[in-house]
Amino acid sequence: MERYFHERYGSGLYTPGLYKFSRRKKDKKPVSIEIKEKETAPQEEIKKTFDRSKSSISLLGGFNVKDKEGGDITNQFTPILKSLLLIILLYSVKTKQGISSNKLDSILWEDKDEKSARNNRNVSIRKLRVLLEKVGDIQVVFENNFWKITFGNEVFCDYVAAIQFIQDTSFDDFTKEATLYQLLELLVFGPLLPNTQADWIDNFKSDYSDITLDLLHSLLQKKEFEDKEDIQLLIADTIFLHDIFNEEALRVKCSILYKKDKRSIAKSTYDNFCKQYKSLLGTDYKISFSTIVTSKTTS
């Protein structure tokens with residue numbers, strides 16, 4: 001898992017102050033499976049460790065920014081300032097260097113000449129820095145001809161925390177329940193920027209989805225969780241948040257609920273899956289409910 005991570009994200013993250021610790025279907029809409037029953041909703045099962053209520057930049061499940069007092073300042077980010085923040089932040093996570101001025105200009109101001117692009121960049125960077133001062137100790141740094149973002153101890157970014165957690169934790173440690181719950185708390189925030197559409201961001205979304213789903217699928221197959229159905233349900237629900245048409249998660253959830261004599265909930269989960277499958281893919285789901293609930297919970 002660690003080698004796979006480094007192949008995608010490089011040798012490390014330039015975020016010294018933050019808390020440390022592929023099976024994606026491309027371009028699917030950010031729709032989640034409806035979860036009605038309290039006992040299987042991961043958001044209600046996991047004890048909270050991470051705080052996005054203030055001094056935070058949230059990218060998982062959607063873009064949101066909170067200032068030092070917890071005020072929502074998301075709407076103060078114009079489209080260009082939002083894109084500027086996201087580009088520098090995501091490239092800062094991917095590489096130690098960040099992103100060069102030329103690459104940044106080619107993404108945001110491709111229709112401008114060099115001088116005009118530089119002027120637009122400088123003005124936008126100044127505006128971004130003013131906004132980020134409201135969030136806390138987060139800096140836009142220009143070093144060795146590259147732009148990057150650094151975080152202080154009091155500023156939280158869910159995406160950076162999730163990437164660091166996966167990078168810094170050995171796979172075997174995820175079989176410890178306390179560590180697993182912290183992972184699921186991060187992943188239950190949702191996929192990376194599901195409502196933000198841009199060509200340059202697709203690879204970041206795909207990479208995050210791949211590493212997340214690969215890890216969750218591997219955890220479903222761990223012997224340590226074979227007899228822990230509540231944990232399997234939490235993992236399955238978290239998978240659904242990242243891949244609404246995941247058949248393994250469907251098998252796990254429906255078969256466990258059926259075995260627990262929660263057959264109406266299992267059938268409702270299956271019917272909801274089929275309904276969205278038909279709506280978004282334009283074809284019926286071929287595997288019957290009886291086959292799903294009698295199959296093994298892991299493949």
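Start by selecting Lys260 and Asp230, whose side chains meet in a salt bridge with an N to O distance of 3.8 Å. Keep in mind as you look around that this is a predicted model. The two partners come from distant parts of the chain, 30 residues apart. Lys260 sits in the loop between helix H10 (247-259) and helix H11 (263-281), while Asp230 belongs to helix H9 (residues 229-242).

Is Asp230 buried or exposed? Asp230 has a relative accessible area of 51%, and the cut-off for exposed is over 50%, so Asp230 counts as exposed. Lys260 has a relative accessible area of 33%, so Lys260 is partly exposed.

Together with Asp230 and Lys260, they are linked in a network of salt bridges. If you are wondering about the idea behind such pairs, side chains of opposite charge can pair when their charged atoms come close.

Stay with helix H9 for the next stop, and select Asp237 and Lys253. Asp237 forms a salt bridge with Lys253, and their closest N and O atoms are 2.8 Å apart. This pair also links distant parts of the chain: Asp237 lies in helix H9 and Lys253 in helix H10, 16 residues apart. Are these two residues buried or exposed? Asp237 is buried, and Lys253 is buried as well.

Next, move to Arg121 and Asp105. Their side chains meet in a salt bridge, at 2.8 Å from N to O. Which helices does this pair link? Arg121 is in helix H5 (residues 114-135), and Asp105 is in helix H4 (residues 101-108).

For the last stop, show helix H3 (residues 79-94) and helix H6 (residues 158-168). Their axes come within 11 Å and cross at roughly 10°. Angles under 35 degrees count as roughly parallel, so H3 and H6 are roughly parallel to each other.

Which residues make the contact here? On the H3 side, select Leu89, Leu90 and Val93; on the H6 side, select Tyr159, Val160 and Ile163.

Technical notes:
Residues numbered from 1 in each chain as written. Predicted model: local features only at pLDDT ≥ 70, side-chain atom pairs only at ≥ 80, totals over all residues. Heavy atoms only, no water. Axes fitted to C-alpha atoms, helices over the stretch in contact; angles between N-to-C directions. Helix = DSSP H or I, 4+ residues; strand = E, 2+ residues; numbered from the N terminus. Parallel < 35°, antiparallel > 145°, perpendicular 65-115°, else oblique. Contact = heavy atoms within 4.5 Å. Salt bridge = Lys/Arg side-chain N within 4 Å of Asp/Glu carboxyl O. Buried < 20%, exposed > 50% of the residue type's maximum accessible area, 1.4 Å probe, protein only.
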